[in-house]
Amino acid sequence: KAHERLVALGTQDGQVRVLDILGNLIKKFHPHRSTINDIYIDPEAELIATCSDDGKVSIQSVFEDQPEAVHELGYPVTSLFFDPLYRTSKVFFCGTRNGFVYVSKKGFMGFGTKIKQIGTETSPIDQISGNATMVAWSTSSHVRIFDATNSAIIGIIKIDEPLQYKCFIHWSSPTQIVVGCNDHLVIANLFKTKPMIRLQENTRLPYVIIGLSYLDDSYVLLYFDTEADLQ
């Protein structure tokens with residue numbers, strides 16, 4: 001996972017190595033017993049959260065040797081999304097390989113944290129992404145949109161063909177989501193008042209999407225040409 005100040009790399013044996021932008025090692029720690037599946041770096045580059053096949057979510061300060069928090073889910077955790085205001089809200093979402101989606105919030109009277117299951121799918125959660133009010137998670141058959149403010153499902157974006165690679169999700173605005181799945185690029189607008197999802201664009205591309213990002217009001221796609229690859 002990359003940040004403008006540092007890069008965090010996860011290993012198959014559960015270690016994290018933190019590098020500065022010049023590639024110098026500035027910290028390493030060992031928060032998990034098995035493969036790290038996802039990494040989150042907070043906006044200030046002071047916290048690094050990781051999830052792993054060992055069923056844990058670990059939250060570590062860049063400046064401390066001991067983890068700030070460790071949450072045991074009991075199932076391999078595949079993906080993370082942290083509230084942009086996590087420092088005060090303590091809210092994060094995570095998905096597991098057996099299809100469960102959880103949210104962590106402050107406990108009673110603001111003490112500790114409480115983890116609650118908010119979704120169940122029939123296949124692993126590949127990715128979770130969100131913004132201040134919306135969260136989306138993807139599986140091999142669809143992307144489900146969740147209104148985090150009202151704790152309600154808005155709807156789903158279906159994947160018409162069997163998924164060869166995981167979906168990639170990007171929020172271009174608080175109410176617009178961009179999804180890259182297989183050779184399809186989908187842009188959808190979300191309406192919380194109804195609630196509903198309206199597809200703005202569903203384009204089939206001559207290549208398979210294996211990465212999606214946003215730069216200067218443009219979408220940046222990482223892809224490979226399946227026909228050229230076969231040749």
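1. Let's start with the largest pocket. Strands β4 (36-41), β8 (77-82), β12 (127-130), β16 and β20 (208-215) each give at least two residues to its lining. Keep in mind as you look around that this is a predicted model.

2. How much space lies in the largest pocket? The answer is about 860 Å³. The lining consists of 31 residues, and those closest to the pocket's centre are K1, Q127, I128, S129 and I169. Sorted by class, the lining holds 16 nonpolar, nine polar and six charged residues. If you wonder how empty space gets found at all, rolling a probe the size of a water molecule over the atoms shows where it is left.

3. Next, the second largest pocket, with a volume of about 220 Å³. It has 15 lining residues, and I157, K158, I159, V186 and N202 are the ones nearest its centre. β15 (152-158), β17, β18 and β19 each provide at least two residues of this lining. Here the classes come out as nine nonpolar, three polar and three charged.

4. Some of those strand names come back in an open sheet of four strands, ordered β16-β17-β18-β19 and paired antiparallel. Which strands stand at the edges? They are β16 (168-173) and β19 (196-204); each has a single partner strand, so one side of each has no neighbour in the sheet. On average, and ignoring direction, neighbouring strands of this sheet are turned by 20 degrees against each other.

5. Zoom in on β17 (residues 176-181) and β18 (residues 184-191). These two run antiparallel and are joined by six bridges.

6. Now for some backbone angles. Most residues other than glycine have a negative phi. K90 has a positive phi, near 60 degrees, and is not a glycine. You'll find K90 in the loop between α1 (86-89) and β9 (92-96).

7. Where does S151 lie? Look in the loop between β14 (142-147) and β15. With a relative accessibility of 47%, S151 counts as partly exposed, since exposed means over 50%.

Note on methods. Residues are numbered from 1 along each chain as its sequence is written. This is a predicted model: local features need pLDDT of at least 70, side-chain atom pairs count only at pLDDT 80 or more; totals for chains, interfaces and linings use all residues. Side-chain values use heavy atoms; hydrogens and water are left out. Two strands pair if DSSP finds at least two bridges between them. Axes are lines fitted to C-alpha atoms, for helices over the stretch in contact, and angles run from 0 to 180 degrees between N-to-C directions. On a 1 Å grid over the protein atoms alone, a cavity is a set of points where a 1.4 Å probe fits but cannot get out, and a pocket is an open set with protein on both sides within 12 Å along at least five of seven lines; lining residues have an atom within 4 Å of a point. Grid points are joined across faces, edges and corners, and a volume is the space filled by probe spheres set on the points. Ala, Val, Leu, Ile, Met, Phe, Trp, Tyr, Cys and Pro count as nonpolar, Asp, Glu, Lys and Arg as charged, and the others, Gly among them, as polar. Buried means under 20% relative accessible area, exposed over 50%, partly exposed in between (1.4 Å probe, protein chains only).
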